[in-house]
Each structure stands twice: as C-alpha cells, then as structure tokens.
Amino acid sequence: MKRAAKRRTLPASIKASSIPISEHSIQATLVAILEYKLRPGVVRIAIPNGGLRKIRVAMKLKDEGVQPGAPDLLFAVESGQVIWLELKNAKGGLSDAQIGMHAKLRALGHLVGVANSVDKGLEFLRMHGLLRP
C-alpha cells in the first residue's frame, strides 16, 4: 500500500515578497521557494552561465557546451514542453546574447520569461501552471 505523499509547506522564514538585490539572491530565493511550491512532475534545471570566472574555468565550460545567453532556469513539463526563466535584478537588462537566445528559443516554440524579482518569477510560473494550487 502506497503512502500518501507528505505535502511540504513553505517555512515562515521564507517570504516570496522579499526583494533580494543580486540576481544570485533572486535565483537562490526563488529556487528555495520552488522546493515547496513547484508542481510535482515538473523538472527544474539551473543553467550556470552567469557570474565572473577564472579564464580556465570559462574555457572549460565553453568546451562543455555552455551557450552565452541561455536563460537561468529551465522547466521541463508534460508533453515535452520547455519553459525558460531569465532572472535579472531591478537594474539588470538583457544582453545582446540573451536577446538573441530568447528569440531562438521562442522560434522553437518554447516559452521564455524574464523576471526582476522573486514575486515576478513566481507570477510567471503560476501563469503557466507550474506551481501548486
């Protein structure tokens, strides 16, 4: 006999309405919230494109296939649908590489969103049915 899955609840210490300053903080906070809010069956993958790196690390990542402009988070859902989310801080804008990559992904039929806060990220994901009710 299968046990019913225990539903996780969001800890009181994590508030979706807090507005972290850095893109890293926004992504880390969103990912922590998604541990509780993401709908079962949705696969979430982080794409580690951003950040400053030593040249040797950057060269290795390029050799391994890292693509400039790839959005920060990928969500794979039923029927092979792929949804991407780019996170920016309040002052951040899209680079030319990001604009180009987003256009390519959309041309393939993928959904691509850009959010400059945890709340906007959650709103985008909720709008596309990725969050628990």
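Predicted model: local features only at pLDDT ≥ 70, side-chain atom pairs only at ≥ 80, totals over all residues.
Side chains of opposite charge can pair when their charged atoms come close. The count of salt bridges in this model comes to four. One of them joins Glu23 and Lys88, with 3.9 Å from N to O. Glu23 belongs to helix α1 and Lys88 to the loop between β3 and α3, so this pair ties together parts of the chain that are 65 residues apart in sequence. The two partners fall into separate classes of accessibility: Glu23 is partly exposed at 28%, whereas Lys88 is buried, with a relative accessible area of 8%.

Another salt bridge joins Glu78 and Arg39, whose closest N and O atoms are 2.8 Å apart. This pair links distant parts of the chain, since Glu78 is in the loop between β2 and β3 and Arg39 is in the loop between α1 and β1, 39 residues apart. Glu78 is partly exposed at 46% relative accessibility, and Arg39 is partly exposed at 24%.

## The surroundings of Glu23

Helix α1 comprises residues 23–37, and Glu23 lies in this helix. Apart from neighbours within four places in sequence, Glu23 is in contact with Leu87, Lys88 and Asn89. Glu23 and Asn89 are separated by 66 residues in sequence, but their C-alpha atoms are 5.0 Å apart in space.

## The sheet and its helices

The model contains an open sheet of four strands in the order β1-β2-β3-β4, with mixed pairing. The edge strands are β1 and β4, each of which pairs on one side only. On average, neighbouring strands of the sheet are turned by 20° against each other, direction ignored. Strand β3, made of residues 82–87, pairs with β4 in the parallel sense over five bridges. Within this part of the sheet, Leu85 stands opposite Gly113 in β4.

Helix α1 packs on the sheet and touches β1, β2 (73–76) and β3; the direction of the helix makes about 140° with that of β3. Helix α3, residues 96–107, also packs on the sheet, where it touches β3 and β4. The direction of α3 makes about 145° with that of β4.

## The loop residue Asn49

Asn49 is placed in the loop between β1 (43–46) and α2 (55–63). This residue is buried, because its relative accessible area is 19% and the limit for a buried residue is under 20%. With residues up to four places away in sequence left out, Asn49 touches Val66, Gln67, Pro68, Gly69 and Ala70. Asn49 and Asp72 are 23 residues apart in sequence, and their C-alpha atoms are 7.2 Å apart in space.

Leu94, Ile99 and Val114 make a nonpolar surface patch of about 230 Å². Among these residues, Val114 is found in strand β4, which covers residues 111–115. Val114 is partly exposed, with a relative accessible area of 44%.

How values were computed
Residues numbered from 1 in each chain as written. Heavy atoms only, no water. Patch = residues over 30% accessible without salt bridge, like charges linked within 9 Å, V, L, I, M, F, W, Y side chains within 5 Å. Areas by Shrake-Rupley, 256 points an atom, 1.4 Å probe, with all protein chains shown as cover. Salt bridge = Lys/Arg side-chain N within 4 Å of Asp/Glu carboxyl O. Helix = DSSP H or I, 4+ residues; strand = E, 2+ residues; numbered from the N terminus. Buried < 20%, exposed > 50% of the residue type's maximum accessible area, 1.4 Å probe, protein only. Contact = heavy atoms within 4.5 Å. Pairing = 2+ DSSP bridges. Axes fitted to C-alpha atoms, helices over the stretch in contact; angles between N-to-C directions.
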